[in-house]
Amino acid sequence: MSTITRSLEHSSKGARTPGGAFTWTQIWAALPGAIRKLDPRQEWHNPVMFLVWTGAVLTTCLAVAEPLAGAVAADATAVPPGFVWAIAVWLWLTVLFANLAESVAEGRGKAQADSLRRTRTSTVAHRIVRYDAATDPAAADTPWQDVASADLRLNDVVVVSAGELIPGDGDIVCGIASVDESAITGESAPVVRESGGDRSAVTGGTRVLSDRIVMRVTSQPGETFVDRMIALVEGAQRQRTPNEIALSILLAALSIVFLVVVLTVNPIASYAADPVNIAVLVALLVCLIPTTIGALLSAIGIAGMDRLVQRNVLAMSGRAVEAAGDVTTLLLDKTGTITYGNRRATAFVPLGGVQPDELVRAAALSSLADPTPEGTSIVELAKVEGVDAGTSSQGDIVPFTAETRMSGLDLIDGTQIRKGAGSAVTAWLEQEGVRVPSSTVSELAEHTEHISRTGGTPLVVAARKADGDARVLGVIHLKDVVKEGLKENFAELRSMGIRTVMITGDNPLTAAAIAEEAGVDDFLAEATPQDKLALIRKEQAGGNMVAMTGDGTNDAPALAQADVGVAMNSGTSAAKEAGNMVDLDSDPTKLIDIVRIGKQLLITRGALTTFSIANDVAKYFAIIPAMFMGAFPGLAVLNVMGLHSPASAVLSAIIFNAIIIVLLIPLALRGVRYRAMNASRILSRNLLIYGVGGIAAPFAGIWLIDLVVRLIPGF
Ligand SMILES: Nc1ncnc2c1ncn2[C@@H]1O[C@H](COP(=O)(O)OP(=O)(O)OP(=O)(O)O)[C@@H](O)[C@H]1O
Ligand SMILES: [K+]
Ligand SMILES: [Mg+2]
């Protein structure tokens, strides 16, 4: 395993070459792939480059035919010897450079896929023959059979002990363990995975370091997380996004307009001048159509996905990456996202007249069968206080749900114990027909408010005897810690024009305290899963693009509804299925990087489109005067750059057109530098840089190339 880890680290570092992130070895390695892409069936998918490809074929035919039709060549459309060949060669190079951009982008994912493939080693799985959730198979000597990991099926239950590889993706149903996930995350620090809570998912190929877990397999062989990851980084699943398709259509339409323009040059010019050579017309067309962006478009998209993979985020679709760039509202779960999520009981606060032991015993009893971190911490604290509530088989379990915000136990003697959010427990008592005295209500409010104001979560404990006598016993103080550095992160998001909203099932006071401490813009308290979903729909209806992070099964509907749903890798399988991104590091603040990468993708595409079109316009003005100065001597005045001859002007423009693609590959892959500022300022800044730059570059470039081309005899 350690070699795998190292090789993965190595490969990801290799792809993370600082600065240019682009080396000549990468180009060299991508060359065979670029040549294979010359196949017209592949070129066809990119209309702009397909047009160049057709031009290359046509000029090659003309060049071959030239000596055979010597008589015709002697006519007025004559060009210097070797001119047609030169155009043909540079058109082929143009197509090749475009293919190269895509191949280099794809090549970076391949190295990562190779090292991931090595984690798919076959291992032996201990499959439990008959799984019974009621007994504890981790402790008991449950019979199992050994099977190959490849033979595991959905819903098989397996035991994994310390030192063993986890045989497939799944959720822990029993036990807690520390797990080495470096094989997929490259992160060497072990992580804790446990049943019951929102950290129950484990990934095949990772290793259990301590303890023993029982897990239920949640994926079919061949459809595991690592399989999906490999397909993703290799680009096998890459589909063009709606934005990309729209831009392609626009570029294709523009190309067709120019095709018509160029086809009409000869009929129009024939009134005043000799017809223009066909190779010159093809060259003119290629100069005019947006070849630069046409060549780099797909590489920009692949590189965006790749940048996310470098940050250990897997985007299931390119569309999600683009959406991330447009996000305006960010919804964050409180527990586990803004706080560390390890909410633990720290104190029992009995109400007046209640024996402390009575409260502790009730709290512990109601938590015996509560597998959440909150539940186990209550039992532990009770033990510390000297109360051992026994075992869980003492009655009917009422499990915690995010809807009821309550859990408990119905004892055999008819006593019902409930613990949960204050409002939930009071509602339960009322529903049972119990009138809570107003003195109790005010005393309870005092305690819960005190806990809430410090950011703690109060859990109210109440018991109702079989004879109908019901009492509120007291409050459990749950503590959680707000993660560090959030304030700065949220401030940065604000400067990007993104509003952060914390959503929590907790009470409004706790929510307000935590929101204040973490520095979010807004919060929604006492939110049920339906409320989260409704909030997302409301934001979306208001024209906002919504991103959300989550890990729990109850987050799944909201993750699915959000435009960008980032599931934590540590979360439940349901959450991972629902979202359109998975963060392998399970770091919710990663959303900030995701947004930045998404914005960078959109900005890079916009900047290079601007540059490309500005370039084409400039090329037109640069070469037209030189091209026609033979026929219309008056145009020579406009030949401001003093290009040597019509032939050298045209060839220089075509060479510039090809070389600019190669020069821009590093920028397309690395992305335009992105600084946090609002969208309209970014737009005007980029229009200035890439628009003006796009106009200036061809004048300088073509002038320089012309200095060399004019040395060729005959030009
Ligand atoms: N194990 C439990 N037993 C009883 N009540 C609980 C338990 N866990 C949480 N609660 C109560 O239910 C409320 C809602 O919990 P839920 O998990 O839906 O939201 P949360 O964890 O507070 O917020 P988030 O949405 O950020 O996860 C909690 O604030 C708490 O009052
Ligand atoms: K062009
Ligand atoms: Mg929760």
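Biologist: Is Arg 405 buried or exposed?
Modeller: This is a predicted model, in which local features need pLDDT of at least 70, side-chain atom pairs count only at pLDDT 80 or more, and totals for chains, interfaces and linings use all residues. The test counts other C-beta atoms, placed from the backbone, within 10 Å of the residue's own: 20 or more is buried, 12 or fewer exposed, and in between partly exposed. Arg 405 has 20 other C-beta atoms within 10 Å, and it is therefore buried.

Biologist: Where does Arg 405 lie in the chain, and what is its phi?
Modeller: Residues are numbered from 1 along each chain as its sequence is written, with chains lettered from A and ligands numbered from 1 in written order. Arg 405 belongs to the loop between β13 (395-401) and β14. Its phi is positive although the residue is not glycine, with a value near 55 degrees.

Biologist: In which order do the strands of the 6-strand sheet lie, and which are its edge strands?
Modeller: Strands (E, at least two residues) and helices (H or I, at least four) are DSSP runs numbered from the N terminus, and two strands pair if DSSP finds at least two bridges between them. The sheet is open and antiparallel, in the order β2-β1-β3-β9-β4-β7. Pairing on one side only marks the edge strands, β2 (144-148) and β7 (201-202).

Biologist: Why do β6 and β8 each have one side without a neighbour in their sheet, and which residue of β8 faces Val 179?
Modeller: In this open antiparallel sheet the order is β6-β5-β8. Both β6 (191-194) and β8 (207-210) stand at the edges with a single partner strand, so one side of each lacks a neighbour. Strand β5 (residues 176-180) is joined to β8 by 3 bridges, and the residue opposite Val 179 is Val 208.

Biologist: How many residues of helix α15 are buried, and how far apart are its end C-alpha atoms?
Modeller: The helix is mostly covered, with 9 of its 12 residues buried, among them Leu 359, Arg 361 and Ser 367. The expected span is 1.5 Å times one less than the number of residues. For α15 (residues 356-367) this should be 16 Å, which agrees with an end-to-end C-alpha distance of 17 Å.

Biologist: Between which domains does ligand 1 lie?
Modeller: Domain bounds come from an automatic or database assignment, which gives domain 1 (2-114 + 233-312 + 596-709), domain 2 (124-223), domain 3 (315-340 + 482-584) and domain 4 (344-479). The elements that each supply at least two shell residues include α14 (334-338), α16 (373-384) and β16 (457-464). Because two domains both give residues to the shell, the ligand lies between domain 3 and domain 4.

Biologist: How far apart are the C-alpha centres of domain 2 and domain 4?
Modeller: Domain 2 covers 124-223 and domain 4 covers 344-479. Their C-alpha centres are separated by 33 Å.
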